[in-house]
Amino acid sequence: MKRTKIKELLATAPTGQSVTVNGWIRSFRNSQFLSLNDGSTLQNLQAVVELNALDESTQKRLTTGACISVDGELIASLGKGQAVEVKVKSLEILGDCDPEAYPLQLKNRPSLEYLREIAHLRSRTNTFGAVMRVRHAMAFAVHKFFNDRGFSYIHTPIITGSDAEGAGAMFRVTTLDQANPPRDEQGHVNHKEDFFGRETNLTVSGQLEGETYALALGEIYTFGPTFRAENSNTTRHLAEFWMIEPEMAFYELKDNMQLAQDFLQYLVRYALDNCADDLEFLNKRALEEEQAKPQDQRSELSLLERLKFVAENDFQRLSYTEAIDVLKNSNPNKKKKFQYLIDSWGVDLQSEHERYLVEKHFKKPVILFDYPANIKSFYMRQNDDGKTVAAMDVLFPGIGEIIGGSQREERYDRILKRVNELNLPEKDLWWYLDLRKFGSAPHSGFGLGFERLILFVTGMTNIRDVIPFPRYPGNAEF
């Protein structure tokens, strides 16, 4: 294939060598200067056409959005802001673009809300090109981090009969006739006649299945789609999103917390080292958005400053109990500025509390641990105080909780008691309980919502803008 990517050409010394470049037209000025982009980089490549070299009908087809192939010479550019350009020898139009109908014209700057309505085209904008290149880099870095540490990548099921932890409403999977389903003698829907012979749903987490392999292979991770059928129309929730869930045998809570910090710092450093152009663009974009906010709502650090700060500093660690004391005595709580006031130990922390700890009090990422047992899941290891569990959450500026995890309860009698206390279906969890019967071991794990990571790294403010095709209540377009 003769084509050379624009990213490579921009880094090539020009000697008049012959090149072929394909891409989409961003602009065509003075019937001579074509600005091309092929998605390999944020930067455009200028292709210069000799005056009167093209007939009028061809010139009219060189519109914004049209796809072309250019053969020419790579030469030094005399223009500002570019080291090289292509002197066009021949040009072929691969795909026309009607300028009257194309919604991404240079003269317009469509809103992010409008771009969600044309998600099939928004990837051609600078913003979404940058976000998706960063997303790719982060996905690669996830696999590299775990591979380099000897973890095994395990594919956990997307269709499952488990709801993992009661983490949220589930999407049901069935082949039964919904208008007239078969029923049993009691009049209930007879799922024995369904495809899998039982009720099934789309997974909310691969954790429980992941634990089975951690207790055989030692250290594993999953990285796949998860689904929550919650009617949450917020900037932080999706119905379909990607989760990274490592599970590690022989890790206690402190080991789990350290791995979470190492993981996040590795990812942020990887982005800084490998996505410089895109992050610089997104940094400028975020600064423009900040300028539109009231002074008291603006972030003290720019996007790049936040990334560097996270990469270079240890996270603050404190217990849930210590966090409650900080929040109870905080000015927002005393002056009743929190929407949810902190008045007693045992309450579940809200995003406003998490962000206060990170952004106002400690001014760094925070790891909270040892949460009240009654607000956490059944599988978390019970502490000796009888009221807390070995849970931990990592809190980030602008995001709140970005990682949630725990040391898992490895003692059969303790976890069985907890299952019964919460009236969980023991018959559905028999295989999970079996792990505590046959060679149980201390083990830990956590979950990182991939889109929340991308929100932080890119500085975007709505989670619907960091996944190619967002799924949320009322929207399954594309």
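This is a predicted model: local features need pLDDT of at least 70, side-chain atom pairs count only at pLDDT 80 or more; totals for chains, interfaces and linings use all residues.

Student: OK, in what order do the strands of the closed barrel run?

Tutor: The barrel has 5 strands in the order β1-β2-β3-β5-β4, and the pairing is mixed. From one strand to the next, the twist averages 55°. Strands here are DSSP runs of E with at least two residues, helices are runs of H or I with at least four residues, and both are numbered from the N terminus. Two strands pair if DSSP finds at least two bridges between them.

Student: What holds paired strands together in general?

Tutor: Strands of a sheet pair through backbone hydrogen bonds, either parallel or antiparallel.

Student: How many bridges are there between β1 and β2?

Tutor: β1 (residues 18–29) and β2 (residues 33–37) are joined by 5 bridges in the antiparallel sense. Arg-29 has Phe-33 in β2 as its bridge partner. The two strands form a hairpin with 3 residues between them, and Asn-30 in the turn has a positive phi of about 55°.

Student: Which strands are at the edges of the open sheet?

Tutor: That sheet has 3 strands in the order β7-β9-β8, with antiparallel pairing. β7 (159–160) and β8 (172–173) each have a single partner strand, so one side of each lacks a neighbour in the sheet. β8 is joined to β9 (residues 200–202) by 2 bridges, and Arg-172 stands opposite Asn-201 in β9.

Student: Switching to helices. At what angle do α4 and α7 pack?

Tutor: α4 (residues 126–148) and α7 (residues 276–291) pack at about 130°, with their axes 9 Å apart. Axes are lines fitted to C-alpha atoms, for helices over the stretch in contact, and angles run from 0 to 180 degrees between N-to-C directions.

Student: Which residues of α4 and α7 meet?

Tutor: On the α4 side they include Ala-130 and Val-134, and on the α7 side they include Leu-279 and Phe-281. Contact means heavy atoms within 4.5 Å.

Student: Which residues of α5 are buried?

Tutor: In α5 (residues 207–217) they are Gln-207, Leu-208, Glu-209, Gly-210, Glu-211 and Ala-214. Their cover includes β7, β10 (219–227), β11 (240–249), β15 (400–408), α13 (430–434) and β16 (443–449). After α5 comes Gly-218, with a positive phi near 100°.

Student: Last one: where is Ala-373?

Tutor: Ala-373 lies in the loop between β13 (366–372) and β14 (388–396).

Student: Buried or exposed?

Tutor: Ala-373 is buried, with a relative accessible area of 17%. Apart from neighbours within four places in sequence, Ala-373 is in contact with Lys-387, Thr-388, Val-389 and Arg-418. Asn-383 is 10 residues away along the chain, and the C-alpha atoms of Ala-373 and Asn-383 are separated by 8.9 Å.

Terms used: Residues are numbered from 1 along each chain as its sequence is written. Side-chain values use heavy atoms; hydrogens and water are left out. Buried means under 20% relative accessible area, exposed over 50%, partly exposed in between (1.4 Å probe, protein chains only).
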